[in-house]
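Here's a quick briefing to read alongside the model. Have the viewer open and click through the residues as they come up.

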Amino acid sequence: MGIVAMNRETSGKIANLSLLPADPIYGMQLLFKSDVRPNKCNLSIGVCQDTQGKTLRFHAVDMAEKNLHNNPYSKDYLPLTGLASFCTSVQELVCGKNDSVTTVQTVGGTGALYVASKLLCHAGISQIFVPDPTWVNHTPLFTSAGLTVSSFPYYDRANACIDFDALCDALNNMDPHSAVVLQASCHNPTGADLTKEQFKILSQIFRKRNLFPLFDLAYQGLGSGIEEDTLGIRIFLEDEHEMLVATTFAKSFGIYNERMGALHIAAPKKAHDSIVSHVRAIVRSCYSSPPAHGAHIINTILSSPELYSLWENELAETRNRLAEQRNLLYSAFQSVKPGFSYAHLMQTKGLFCLFDITLEQVIFLRNEKALYIANDGRICISAINSQNASIIAESMQSL
Ligand code: LMR
């Protein structure tokens with residue numbers, strides 16, 4: 001019997017793949033775009049907006065790009081570990097001056113988390129714990145990198161606060177050498193952050209239980225301040241943990257599509273070369289080398305005192321505006337009849353706040369009120385303005 005030649009109709013390999021559900025965040029953007037209702041309002045994706053509802057542009061970024069236009073950089077490949085000067089400047093921004101840290105540039109924060117996961121696999125760590133709730137992409141990302149993912153209690157939805165006792169209990173019962181994800185600030189999706197004292201307690205538990213910290217820092221400067229938002233990271237670094245810190249600069253510089261991220265690795269200096277050799281192998285087999293443009297933008301800003309101070313001021317304005325936007329929605333809730341729980345709006349920070357509502361209620365808000373919020377009940381504070389605050393409050397209060 002000869003081999004029967006297959007064509008596109010009969011081969012049935014990739015053509016037989018089943019249809020997967022849309023991504024909970026990106027899929028929602030497509031739904032929103034195709035919605036023709038004039039009163040539609042998008043509170044789903046975590047992007048900082050300006051007062052016109054457009055994705056916020058930092059003047060510091062525009063000025064850095066002008067500089068780059070006048071002083072063009074090479075279009076050659078970057079090394080596997082990225083632009084060295086970018087790595088040095090973002091390392092100091094995130095970790096302070098610390099000899100035990102080595103940094104590699106990655107393709108966004110997602111790339112940093114992916115490289116981190118693969119590095120954990122190389123080091124023989126197979127189990128990772130994520131907070132419940134957490135960023136919707138954590139579990140799929142870690143799973144696809146080959147880790148077994150479980151969660152630990154973080155947030156008490158009904159009482160809208162961190163359940164610190166339950167969190168500590170869970171850590172105390174984890175198998176040694178498990179990796180544990182901690183969000184450094186502006187927790188996604190709740191906006192509820194650990195305090196300095198709580199980070200100190202956790203650091204001791206991590207040490208006692210021999211757990212491996214993986215920090216995720218996505219909103220540096222949007223919670224309490226550039227350095228303040230790294231408090232937990234600095235505490236763990238001071239306590240000399242071997243640890244990883246995945247960062248994205250998408251939100252803090254408003255350069256989402258430049259895919260700027262970094263992975264900071266804290267380990268004894270003598271181990272850096274070997275660790276980075278593993279990172280190189282991971283990066284090479286995945287995307288070869290990271291993009292250059294955003295790295296040059298950030299590097300230009302961080303190395304110029306004028307641009308740094310402009311960026312710092314713009315970030316502070318954005319942070320203050322987020323606090324005002326929370327206030328706006330809080331006041332709007334106060335003016336509609338009571339019954340809906342919103343007090344935690346004023347106790348949380350950053351881009352997000354989580355409401356204790358069901359998926360059915362999320363769908364109701366989308367279908368009946370043209371109000372798009374994430375499936376887990378998360379809203380993006382940055383999309384709130386004086387025109388939509390009372391509509392949002394009334395719609396949510398009608399649940
Ligand atoms: C979000 O959480 O909305 C953002 O971080 C965008 C994303 O990639 O999910």
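Is Cys121 buried or exposed, or does it count as partly exposed? At 28% relative accessibility, Cys121 counts as partly exposed; the classes are buried under 20% relative accessible area, exposed over 50%, and partly exposed in between, with a 1.4 Å probe and protein chains only.

Before the details, a word on the ground rules. This is a predicted model, where local features need pLDDT of at least 70 and side-chain atom pairs count only at pLDDT 80 or more, while totals for chains, interfaces and linings use all residues. Residues are numbered from 1 along each chain as its sequence is written, and side-chain values use heavy atoms, with hydrogens and water left out.

**Cysteines**

- A disulfide is a covalent bond between the sulfur atoms of two cysteines. Here the rule is a pair of cysteine sulfur atoms within 2.5 Å, and the count comes to 0 disulfides.
- Cys121 is in no disulfide, and its nearest cysteine sulfur, in Cys286, sits 12 Å away.
- Cys380 has its closest cysteine sulfur in Cys48, but at 7.0 Å that is too far for a bond. Cys380 is buried, at 0% relative accessibility.
- Cys168 belongs to helix 7 (residues 164-172); helices are DSSP runs (H or I, at least four residues), strands are runs of E (at least two), and both are numbered from the N terminus.
- With 12% relative accessibility, Cys168 counts as buried too.
- Skip residues up to four places away in sequence, and Cys168 touches Ile201, Leu202 and Ile205; contact here means heavy atoms within 4.5 Å.

**Nonpolar cores**

- A nonpolar core is a set of buried Ala, Val, Leu, Ile, Met, Phe, Trp, Tyr and Cys residues joined through side-chain atoms within 4.5 Å.
- The largest one has 99 residues, and Leu202 and Met396 have the most contacts inside it. Helix 13 (residues 305-335) supplies the largest share of this core, 7 residues.
- Beyond its neighbours within four places in sequence, Leu202 is in contact with Phe164, Leu167, Cys168, Leu171, Leu182, Leu194 and Phe236.
- There's also a second, separate core of 26 residues, and Ile128, Leu244, Ile265 and Ile275 are among them.

**The second largest pocket**

- A pocket is found on a 1 Å grid over the protein atoms alone: it is an open set of points where a 1.4 Å probe fits, with protein on both sides within 12 Å along at least five of seven lines, and its lining residues have an atom within 4 Å of a point.
- The second largest pocket holds about 290 Å³ of space; grid points are joined across faces, edges and corners, and the volume is the space filled by probe spheres set on the points.
- Its lining runs to 19 residues, with Ala192, Asp193, Leu194, Thr195 and Lys349 nearest the centre.
- That lining splits into 8 nonpolar, 7 polar and 4 charged residues. Nonpolar covers Ala, Val, Leu, Ile, Met, Phe, Trp, Tyr, Cys and Pro, charged covers Asp, Glu, Lys and Arg, and polar takes the others, Gly among them.

- Most residues other than glycine have a negative phi, and most peptide bonds are trans.
- Asp132 and Pro133 are joined by a cis peptide bond, with omega about 0°. Pro133 lies in the loop between strand 3 (127-132) and helix 6 (138-144).
- Look for Pro189 in the loop between strand 7 (179-183) and helix 8 (196-209).
- Ala160 isn't a glycine, yet has a positive phi of about 50°. Ala160 is in the loop between strand 5 (155-156) and strand 6 (161-162), and is buried at 15% relative accessibility.
- Ala370 has a positive phi as well, near 60°. This one sits in the loop between helix 14 (359-369) and strand 12 (371-372), and Ala370 is buried at 1% relative accessibility.

**Distant in sequence**

- Glu258 is in the loop between helix 10 (250-253) and strand 10 (260-266). The C-alpha atoms of Glu258 and Gly294 are separated by 5.3 Å, though the residues are 36 apart along the chain.
- Not counting residues up to four places away in sequence, Glu258 touches Glu65, Pro291, His293, Gly294 and Ile297.
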